[in-house]
Amino acid sequence: MGVVQHHDGVSGTSKQHVAYDYAKRIAAGMNKASIFVTDALQKLLLKSDGGVQLDNLTYCNLLNETICTVSQEATKKEGNKEDIYIILYNALAKQRHEVVSLPIDSSSRFVVEQLTIEGWVTIDNEVMANENYAQVKWAASNLLFFEVELPPLGVSIYRVASLQDKQLSSASTNYPAVPRKLLRPSTQNDKEEDIIMTNDILSVTLDRATGVVKSISNLREGIRMKVDQQYGFYKSFFQDNPTLDQKALKDNEKCLPGYTDNEGDEHPWLKWPIADAPNSGAYIFRPSDQKLHTIIPQQQTQLVVKDGLVKEVHSVLGEGGWVKQIARLLPGKDFLEIEYVVGPVPIDDGGKEVVSKWTTTIESDGHFFTDSNGREFQKRKRGNHNVFGPDNTTAIEPVAGNYYPVNAAIYIEDDTSSFGILVDRSQGGSSLIDGSIELMIQRRILYDDSRGVGEPMNETDSGITPNKPYGNAERLGNGVIIKGHHRLVVGKAGRGASKMRSMVDEIFSQPHVFVASTQAGAEVSFERNNLSMLHSASLPDNVMLVSFIALGVEGTFLLRLGHQYGPTVEVDLQHLFPGKRLVSVKEKTLSANQDRKDWEDRRFRWDYSTEDNSFSPRGGGLQDGGRVVLHPMEILTFEIVLLS
């Protein structure tokens with residue numbers, strides 16, 4: 001965890017060799033952890049009666065690259081007689097409906113079944129070609145999509161078999177037809193109507209010639225929003241050999257916000273004359289001309305449109321097609337998923353800072369909201385002099401000066417509607433004009449900003465030579481190609497924060513996929529059809545299970561509950577855990593190193609000069625009978641004892 005949470009590893013302010021070492025250590029830790037988890041799943045779910053076992057059960061940790069070795073090997077050869085077993089783990093404390101995509105190397109038809117209390121039940125599925133825009137070497141040729149139901153803090157079990165094998169073993173079974181896939185022609189002079197995707201919750205209109213989004217409608221809330229979608233880039237400011245004139249620093253000095261004059265005297269690079277400001281780099285975002293240069297969508301002669309269980313429209317943008325997009329609508333979901341693929345970023349005219357921008361009709365009046373480390377939302381004001389002080393207005397850097405960190409989501413709203421975007425990684429974001437949101441999705445920079453990294457942010461696909469004195473840290477190969485996801489949400493006014501916060505955990509904690517293969521038709525004996533550590537409706541929608549950790553004494557656990565949005569709620573710990581009896585519960589401090597009551601008795605009481613000079617207790621926390629009251633945004637910690 002120390003490696004994962006290191007500030008240079010999180011923010012990218014490290015040398016490339018260090019970044020490679022971070023990735024290596026994290027991968028090693030994940031591999032060890034996955035061995036432990038797969039062993040635990042086998043012991044919890046499988047009967048130990050000497051029957052067929054899932055010996056090659058493996059955690060698919062490269063799904064973002066469309067790679068899962070076990071499922072690909074099981075489907076690679078024509079006529080391969082293997083069944084695939086999938087165990088899905090939901091780490092959230094709420095029941096979920098999701099659409100899972102499994103990498104496969106076959107375009108054949110398959111039967112997907114879920115293990116229920118009545119036995120195996122067939123569910124809808126769809127095989128779609130993987131366009132592999134990211135050019136991943138070992139990526140699967142196809143994806144198998146199917147809908148799943150996941151219990152809170154538990155697992156569900158699924159099986160995938162070749163339709164041909166199933167027909168041979170049970171000719172009388174009815175299997176769902178494979179939904180159609182369309183490849184619709186489109187030309188620059190095409191007069192047909194725009195493309196419309198719908199899933200009965202959202203309706204999305206896209207341009208037939210380019211595939212970019214034109215409007216999003218929330219059918220349940222009666223909100224229709226026109227949008228202008230745009231990809232663009234800011235040109236990175238740079239000087240080949242920036243120098244600091246000590247006399248100029250004294251005569252016309254500017255100190256970076258957040259640094260004192262003394263620090264500037266000790267480190268001259270903290271100050272600069274306006275004409276000789278530092279390069280854009282790992283620490284500093286500084287556009288050269290403050291202008292967003294639009295990446296033009298291509299007029300496509302063959303626009304990819306896939307219409308079935310999962311609906312997709314593909315777009316290509318930029319000269320040479322260095323930006324690609326898939327607008328995806330999933331069944332039962334109230335968001336539009338945008339998958340973007342960027343790279344290699346052209347650098348013939350200098351470094352670029354690539355952004356995705358959405359402009360709506362919302363009258364946001366210069367305000368927008370970004371999350372505070374994934375929890376509360378902070379109201380931001382464009383050009384706010386209170387952020388930089390009266391002498392450091394954003395007029396000097398009107399773009400970079402209005403960018404804020406977006407760890408989970410960003411949204412805007414007015415009196416009638418709201419529009420928000422959830423991110424799958426920390427990004428910089430802003431609203432530089434009313435009704436717009438923009439997020440930085442990739443940077444490729446050719447110069448260092450002299451803040452300590454000592455090399456430019458120019459990651460390539462073939463590595464880097466050793467650092468000095470053994471080499472010159474030369475980049476090898478082409479620029480990397482990155483892939484990411486945004487989720488777009490449209491709703492009524494005043495609901496931006498609650499809608500965003502309710503969806504943040506789902507994009508942060510995707511279902512964990514474990515896959516095994518057996519000979520076709522071999523029956524695997526399971527102890528149970530699913531497994532859940534919580535009752536399905538035990539927690540309110542706005543309460544998150546932050547921690548559930550076994551302590552040293554058997555039956556003793558550390559439990560943390562976090563309030564996420566909305567009004568005060570009550571949770572009954574007596575009915576939280578199925579098949580368990582709550583024996584005792586003690587409220588602890590957040591760090592769990594002492595009892596909450598002892599800490600309350602010892603802590604300093606401020607004199608608020610009330611009439612009777614009395615202290616008013618908070619009124620929440622642990623109540624009689626194992627009930628817990630959580631106030632807005634509160635996190636409470638408990639030590640509980642459970643017995644069967």
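## Salt bridges and the disulfide

The structure holds 31 salt bridges, a salt bridge being a side-chain nitrogen of Lys or Arg within 4 Å of a carboxyl oxygen of Asp or Glu. This is a predicted model, in which local features need pLDDT of at least 70, side-chain atom pairs count only at pLDDT 80 or more, and totals for chains, interfaces and linings use all residues. Residues are numbered from 1 along each chain as its sequence is written, and side-chain values use heavy atoms, with hydrogens and water left out.

Side chains of opposite charge can pair when their charged atoms come close.

| Pair | Contact | Distance |
|---|---|---|
| Lys-333 and Glu-98 | salt bridge, closest N and O atoms | 3.6 Å |
| Lys-214 and Asp-194 | salt bridge, N to O | 3.0 Å |
| Asp-595 and Lys-588 | salt bridge, N to O | 2.8 Å |
| Cys-60 and Cys-68 | disulfide, S to S | 2.0 Å |

Lys-333 forms a salt bridge with Glu-98. Because Lys-333 lies in the loop between strand E17 (323-329) and strand E18 (336-342), while Glu-98 belongs to strand E3 (residues 96-104), the pair ties together parts that are 235 residues apart in sequence. Helices (H or I, at least four residues) and strands (E, at least two) are DSSP runs, numbered from the N terminus. Lys-333 and Glu-98 are both buried; buried means under 20% relative accessible area, exposed over 50%, and partly exposed in between (1.4 Å probe, protein chains only).

A salt bridge also brings together the side chains of Lys-214 and Asp-194. Here, too, distant parts of the chain are linked: Lys-214 sits in strand E12 (residues 213-218) and Asp-194 in the loop between strand E9 (182-185) and strand E10 (195-198), 20 residues apart. Lys-214 counts as partly exposed at 34% relative accessibility, and Asp-194 is partly exposed with a relative accessible area of 29%.

In the salt bridge of Asp-595 with Lys-588, Asp-595 is partly exposed at 23% relative accessibility, whereas Lys-588 is buried, its relative accessible area being 10%. Elsewhere, salt bridges that share partners join Glu-312, Arg-328, Glu-337, Glu-339 and Arg-487 into one network.

The structure holds one disulfide, defined as a pair of cysteine sulfur atoms within 2.5 Å. This disulfide joins Cys-60 to Cys-68. Cys-60 counts as buried at 6% relative accessibility, and Cys-68 counts as buried at 3%.
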